[in-house]
Amino acid sequence: MRALPVLTLAGALFLTGCADLGYYWQSASGHIDIMRAAKPVPEWLADPATSAPLKAKLELTQRIRRFASAELGLPDNPSYKSYADLHRPAAVWNVVAAPPYSLTLKSWCFPVAGCVGYRGYYSEDAAKTEAEAQRALDLEVAVYPVPAYSTLGWMNWAGGDPLLSTFIGYPEGELARLVFHELAHQVLYVPGDTVFNESYATAVERIGGGMWLQREASEAARREYAQFDGQRQEFRALALNTRRALTQVYESPEAKAKDWPAVEAMKKAAMADFRARYAELKKGWQGPRQNAYDGWVARANNAAFGAQGAYDDLVPAFEALFDREGRDWPRFYTEVRRIAALPTTEERRSALQTATGILQAHSSEDNNNGDHGA
């Protein structure tokens with residue numbers, strides 16, 4: 001994952017007939033403000049006030065953008081051909097919530113996007129207010145900054161999703177992965193199935209990012225990426241093991257018997273083990289991103305682990321599906337669309353497993369089963 005994984009905020013931009021008008025208004029007006037701030041990349045490049053480092057990054061993004069369409073079969077449309085300086089550290093702030101003894105995220109339901117396991121705000125203060133409201137319901141809550149999101153291609157008529165100041169400074173490999181991830185959502189999106197959507201897009205970004213680095217990047221960019229990606233993979237493995245440990249706690253005989261003091265003690269032990277193992281893991285890391293996960297680990301709870309799982313749990317299956325389809329992008333997308341068209345999450349998981357022989361990595365209940373109201 002990235003320092004925190006990129007979530008896709010969609011659906012709240014197309015608003016009809018819901019009671020929570022204040023939330024929808026901030027979603028619509030927040031996105032409109034971003035669109036107004038965006039200018040085509042050639043205008044930024046021609047502007048003498050644009051710094052040389054920003055010009056270099058913008059030129060790099062356009063090479064990445066062309067690679068995405070020519071080599072990965074991703075849409076060639078107006079998205080990521082403009083740039084906006086937001087003058088803030090995040091595009092949106094997402095709120096996720098989960099019960100004290102479950103990794104299953106609370107869902108919110110929206111037009112177009114269906115039910116998703118997060119609620120996004122263009123104001124950090126508004127996100128914190130929502131977080132407090134969820135804590136008052138005895139839920140564990142995480143709030144985190146999101147550098148980018150996708151409107152699923154719905155806004156291409158108005159200029160598409162722009163590049164943003166919140167991620168333009170990323171290292172080359174991370175910048176390529178982010179663009180590939182968000183464009184992948186424009187190929188396919190299943191309303192109400194966050195784990196399927198994000199795992200699929202993460203697989204596309206990982207495979208595509210590897211291709212970009214191998215074919216287009218400098219040796220220095222490859223070395224920089226390899227160092228951080230090695231740390232990322234080690235952290236992912238640790239987090240996966242912790243999610244499995246917590247799932248065992250929440251599905252234990254003690255939990256079924258509602259012996260909550262015993263469950264709480266086991267949960268605390270699992271979390272303490274996670275933090276101790278992370279401290280040991282970090283001792284072998286070097287470089288400027290050695291502390292990239294410190295904040296996440298310090299605040300880790302059920303909500304944070306549940307959100308992370310959406311980006312990891314089905315990735316191995318999608319990567320195996322890509323290999324099964326001969327590493328051919330059109331064939332891969334066709335097969336993903338076939339599976340995505342199945343009517344239930346259970347059928348989609350089963351079809352992925354049948355096609356690849358790989359079980360879902362996280363054994364707990366699916367994050368977004370669509371049972372919760374907005």
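**Ground rules.** I number residues from 1 along each chain as its sequence is written. The model is predicted, so local features need pLDDT of at least 70 and side-chain atom pairs count only at pLDDT 80 or more, while totals for chains, interfaces and linings use all residues; side-chain values use heavy atoms, with hydrogens and water left out.

**Strand 3.** I took helices (H or I, at least four residues) and strands (E, at least two) as DSSP runs, numbered from the N terminus. Buried means under 20% relative accessible area, exposed over 50%, and partly exposed in between, with a 1.4 Å probe and protein chains only. In strand 3, seven of its seven residues are buried. I looked at each face in turn: Val92, Asn94, Val96 and Ala98 are buried on one side, and Trp93, Val95 and Ala97 are buried on the other.

**Partners of strand 3.** Two strands pair if DSSP finds at least two bridges between them. Strand 3 (residues 92–98) runs antiparallel to strand 7, with seven bridges joining them. Strand 3 is also antiparallel to strand 6 (residues 119–121), through three bridges. Val95 has a bridge partner in each: Val143 in strand 7 and Arg119 in strand 6.

**Strand 7.** Strand 7 (residues 140–146) is largely enclosed by the rest of the structure, because five of its seven residues are buried. I checked Val146, which is in strand 7; its relative accessible area is 1%, so Val146 is buried.

Three strands form an open sheet of mixed pairing, in the order 1-2-8. Strand 1 (39–40) and strand 8 (163–164) are the edge strands, each pairing on one side only. Strand 2 (residues 82–84) pairs with strand 8 in the parallel sense over two bridges. Tyr83 stands opposite Leu163 of strand 8.

**Nonpolar core.** A nonpolar core is a set of buried Ala, Val, Leu, Ile, Met, Phe, Trp, Tyr and Cys residues joined through side-chain atoms within 4.5 Å. The largest one holds 111 residues, of which Leu74, Phe196, Tyr200 and Phe332 touch the most other members. Helix 6 (residues 194–215) gives the largest share of this core, 10 residues. I listed the contacts (heavy atoms within 4.5 Å) of Phe332: leaving out residues up to four places away in sequence, it touches Tyr200, Val204, Phe318, Leu321, Phe322 and Glu325.

**Cavities.** A cavity is a set of points on a 1 Å grid over the protein atoms alone where a 1.4 Å probe fits but cannot get out; lining residues have an atom within 4 Å of a point. Grid points are joined across faces, edges and corners, and a volume is the space filled by probe spheres set on the points. I count four cavities of 30 Å³ or more. The largest cavity has a volume of about 70 Å³. Its lining is His31, Ile34, Tyr80, Ala148, Tyr149, Asp161, Pro162, Leu164 and Phe167.

**Positive phi.** Most residues other than glycine have a negative phi. His87, not a glycine, has a positive phi of about 55 degrees. His87 sits in the loop between strand 2 and strand 3 and counts as exposed at 68% relative accessibility. Asp138 also has a positive phi, near 65 degrees. Asp138 is in the loop between helix 4 (124–135) and strand 7, and is exposed with a relative accessible area of 60%.

Terms used. 1 Å grid on protein atoms, 1.4 Å probe; cavity = no way out; pocket = protein on both sides within 12 Å on 5 of 7 lines; lining within 4 Å.
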